[in-house]
Amino acid sequence: MKPAAVPTVFIIDDDRGMRQAIEDLLESVGLRAESFASGEEFLSRRHTSGPSCLVLDVRLPQMSGLDFQRRLAESGMQVPIIFITAHGDVPMSVRALKSGAVEFLTKPFRDQDLLDAIQQALQHARAAQEEQAEIHTLQERHHALTPREQQVMVLVVSGMLNKQIASEIGTSEATVKIHRGNVMHKMQAGSVVDLVRMADKLKLSPSK
Amino acid sequence: MTNEGVQKTLAELSRDLQESKARLEEAQHVAHVGHWEWDLETDVVVWSDETYRIFGLSPQERPMNLATVRAMVHPEDREPLYRGVDEDLLAGVRPDAEFRIVRPNGEVRTVHSVTPKRWSSMPGDAKRDASGRPYKLFGTVQDITDRKRAEEALKQSQFYLSEGQRLAHMGSWAFNAAGFDYWSSELFHIHGLDPTGKPPTVEGYLNLVHPEDRDSMQHEIQKMFAEHRGFDFTKRIVRPDGKTRYVRCVGVPVTELTFKGFVGTGIDVTEHELLTQELRRERAYLTEAQSLTHTGSWACNLLTRQIFHSSDENARLYGFDSSHGAIPFDSFYNTILVEDEVALRAKLENAIRAGADYDVEFRIRRADGAIRFLRGIGHHNPIQEIGEYVGITVDITERKRAEEEREKLRQLEADLAHVNRVNMMGELAAALAHEIRQPIAASITSANACLRWLARDPPDLERARAAASRIEQDGNRAAEVINHLRSFYKKGTPPERGIVDLKDIIREMTALLRKQAVRHSIKIHSELHENMPNVLADRVQLQQVFMNLMLNAIEAMKDTGGKLTISSRPTPEGQLIVSISDTGAGLPAESPERIFDAFHTTKPQGTGMGLAITRSIVEAHGGQVWATANQGTGATFHFTLQGEAEAHG
């Protein structure tokens with residue numbers, strides 16, 4: 001497991017004063033913050049890969065905050081979002097929260113509310129990032145298996161006995177035993193249960 | 001026969017002669033016929049007693065001869081008479097003459113003298129000499145003056161009659177079982193026939209009748225004879241030259257013990273008939289026009305309540321049917337609605353008194369319950385009697401309804417304008433809220449950050465100062481938004497200034513808000529200074545100022561009713577002060593100076609922008625706006641504007 005990177009909060013608001021104030025507030029509690037005037041600007045700039053969250057103004061020039069949220073989801077970028085708005089209404093906040101926003105705050109907001117929301121969002125991000133990292137490691141291990149071993153692993157996690165596996169792939173029971181041992185070793189699985197959990201994360205299924 | 005016998009016989013004869021002579025004289029006297037004898041040789045003229053009388057003389061007054069007789073003949077007749085006699089005597093024909101004589105008293109008489117033709121074999125006949133010339137003439141003379149006069153009179157009256165018939169296009173006729181036995185010459189003329197001809201047969205007569213009228217005419221003739229009753233009908237005839245004429249035929253039966261036939265007249269009524277048809281046509285057109293335009297015509301005396309004329313349409317407008325006879329004045333009058341009657345009566349009475357025309361509008365309730373608006377226009381001709389009017393009635397219900405619709409629409413527009421104003425204020429307020437909220441939120445966040453920098457151990461003064469400086473910036477930014485609003489009318493709208501007559505604007509706004517005012521029992525009333533200068537201003541913005549202030553005033557009085565007064569007066573500095581005053585609740589007791597601030601409102605659904613905008617507009621025009629409490633109830637809002645001359649200078 002890799003150590004978690006420094007969390008970064010990205011702020012997108014067209015009001016410069018607001019942007020600066022939030023950035024400064026976050027820095028005062030030791031968070032890293034980066035701010036952008038629009039969603040386009042955010043996308044065009046490379047940003048750090050550590051756990052992060054987005055503080056997004058609803059009313060933005062060109063693309064609105066809600067549209068931007070949808071576009072991020074479509075591009076597969078999973079980042080928790082906290083919406084802020086100067087003229088929010090109930091339907092708008094419902095729509096935002098349904099689309100996966102962590103929080104919906106109306107300006108002016110209490111600083112603690114924003115900081116709590118950010119902590120919550122970073123928690124999410126951190127968890128998601130750890131999950132992502134574990135999957136990444138498992139994928140590397142799975143990649144290291146021979147095709148025969150990958151085949152045997154799928155059959156093992158499906159609950160088949162060695163004898164059944166041997167007849168399924170047309171080899172001897174002894175050969176299956178060797179493959180099985182290699183799989184447990186390479187995947188660093190302590191038990192079959194462990195291996196089943198890994199296969200789950202890798203989304204492996206017998207049909208594959 | 002003895003001598004005695006002869007004597008006796010002679011005496012008897014003489015007596016008989018005397019008697020017959022006396023009888024002759026008597027007969028002559030009764031018949032106004034005398035006789036005469038003229039001896040051509042001796043020139044002695046012997047007259048009978050009656051002849052003397054005819055000539056205006058006493059019987060046997062004096063002996064006569066040709067010269068004395070001739071002298072008594074009317075001078076104009078003398079020459080032709082004697083020449084004629086000579087000629088006749090020579091030709092051997094009986095002289096038969098009519099001539100005038102002049103009596104000694106100057107009276108003129110007409111006489112007829114006959115000299116019997118067969119004189120040779122008659123005693124007293126003229127004797128002829130050897131050459132055959134008569135030497136004695138005998139004749140009679142008759143006074144025919146009276147007969148002559150009667151004849152003249154008859155001739156004259158016949159002339160008058162025929163002339164009268166000719167002039168009147170009226171002919172006369174007689175009809176018996178055998179057919180027409182008499183047609184006057186004018187009757188021939190009327191039918192285009194030769195007056196010297198004979199009256200036509202019934203069949204010939206029917207052929208003269210227009211084919212379309214022939215059957216009914218034949219039927220009428222049959223009925224005439226069957227019922228022996230008088231008749232009067234008009235039919236068309238076709239003259240031989242093809243012209244169609246209308247002939248009116250009037251006949252009465254003649255009965256002398258038994259039915260003899262008919263006498264009657266035939267009158268050419270073509271002109272009359274055509275005129276009647278024309279009139280009927282024109283009347284039909286007029287009726288149609290009246291019905292199309294819902295206009296009725298009438299003539300009446302309003303004082304005596306007599307109707308001289310009322311067209312069908314006039315009756316129809318009031319919901320009556322005039323086909324069953326004239327409708328009395330009161331029936332018309334009683335349809336008028338009681339609410340309108342008093343005012344109407346006053347107007348009519350004034351018009352009658354002044355002998356003037358009138359033009360009134362009123363409502364009636366018809367028998368079917370429908371309420372209609374009528375307009376009555378009456379014209380009085382000064383030569384007519386007092387109270388006599390001719391005029392028209394027009395149904396203006398549709399027009400009135402359209403007017404009401406328009407009025408409703410205008411009300412709707414006014415309401416809409418109000419709603420729009422409120423909506424606009426709402427939008428503006430929302431936009432403003434966002435604009436102001438942004439810097440305020442930023443400054444709160446910066447303040448939070450600032451506090452956190454200071455709370456650190458050790459406090460990060462540098463970052464805290466930076467945050468505080470941002471707070472200042474954002475605070476200024478918020479203030480700028482407010483300033484921007486205040487100058488909204490200065491910067492936001494391009495100046496569209498022109499010369500504006502405030503009276504126009506006040507009139508427009510009063511008209512626009514009148515209904516609303518009436519609904520809340522508010523009277524709008526203006527006291528404008530006579531010499532109000534025009535102002536140089538943005539018309540629409542000024543309308544908004546008036547609308548805001550007037551709506552506020554109406555709002556303030558809407559539960560109580562009251563009076564809205566718009567007044568104006570010029571100041572010595574060339575400014576104009578306009579004041580809009582109400583009798584409502586008055587200014588708020590707490591901080592009355594804040595009423596012009598944006599978002600400051602005392603009304604539940606108010607935006608608090610009306611007076612703020614009013615102030616912006618007035619100040620943009622170089623004026624001021626303020627409010628004062630009234631002496632009694634209510635408040636007055638005043639604003640100043642530069643007069644046109646001042647604004648130019």
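1. Relative direction of H16(B) and H17(B). In this predicted model, helix H16 (residues 502-519) of chain B packs against helix H17 (residues 539-557) of chain B at an angle of about 30°, and the two are therefore roughly parallel to each other, since angles under 35 degrees count as such. Their axes are 10 Å apart. The crossing in which H16(B) passes H17(B) is right-handed.

2. Residues of the helix contact. On the side of H16(B), the contact is made by Ile505(B), Ile506(B), Met509(B), Leu513(B), Gln516(B) and Ala517(B). H17(B) contributes Leu542(B), Gln543(B), Phe546(B), Met547(B), Met550(B) and Ile554(B). Of the residues in this contact of H16(B) with H17(B), 10 are nonpolar, two are polar and none is charged.

3. Chain B as a whole. Chain B holds 19 helices and 22 strands. Of its 649 residues, 23% are buried. Among the contacts in chain B with a separation of 6 or more, 51% join residues 24 or more positions apart.

4. The sheet of chain A. Five strands of chain A form an open sheet in the order E2-E1-E3-E4-E5, and the pairing is parallel. Strand E2 (32-36) and strand E5 (103-106) of chain A stand at the edges; each has a single partner strand, so one side of each is left without a neighbour in the sheet. Ignoring direction, neighbouring strands of this sheet are turned by 20° against each other on average.

5. The E4-E5 pair and the helix packed on the sheet. Strand E4 (residues 81-85) of chain A pairs with E5(A) in the parallel sense over four bridges. Within this region, Ile84(A) stands opposite Leu105(A) in E5(A). Helix H5 (residues 111-144) of chain A packs on the sheet, where it touches strand E1 (8-12), strand E3 (52-57), E4 and E5 of chain A. The direction of H5 makes about 135° with that of E3(A).

6. The contact between the chains. Chain A supplies 15 residues to the contact and chain B supplies 22 residues. On the side of chain A that touches chain B, the largest share comes from helix H1 (residues 16-28) of chain A, with eight residues. The residues on that side of chain A divide into seven nonpolar, four polar and four charged. By contrast, the contact of H16(B) with H17(B) includes no charged residues.

Methods:
Residues are numbered from 1 along each chain as its sequence is written. Chains are lettered from A and ligands numbered from 1 in the order in which they are written. This is a predicted model: local features need pLDDT of at least 70, side-chain atom pairs count only at pLDDT 80 or more; totals for chains, interfaces and linings use all residues. Axes are lines fitted to C-alpha atoms, for helices over the stretch in contact, and angles run from 0 to 180 degrees between N-to-C directions. Angles under 35 degrees count as roughly parallel, over 145 as roughly antiparallel, 65 to 115 as roughly perpendicular and the rest as oblique. A crossing is left-handed if the near helix is turned anticlockwise from the far one by less than a right angle, and right-handed if clockwise. Two residues are in contact if their C-beta atoms, placed from the backbone, lie within 7 Å. Ala, Val, Leu, Ile, Met, Phe, Trp, Tyr, Cys and Pro count as nonpolar, Asp, Glu, Lys and Arg as charged, and the others, Gly among them, as polar. Two strands pair if DSSP finds at least two bridges between them. A residue is buried if 20 or more other C-beta atoms lie within 10 Å of its own, exposed if 12 or fewer, and partly exposed in between; C-beta atoms are placed from the backbone.
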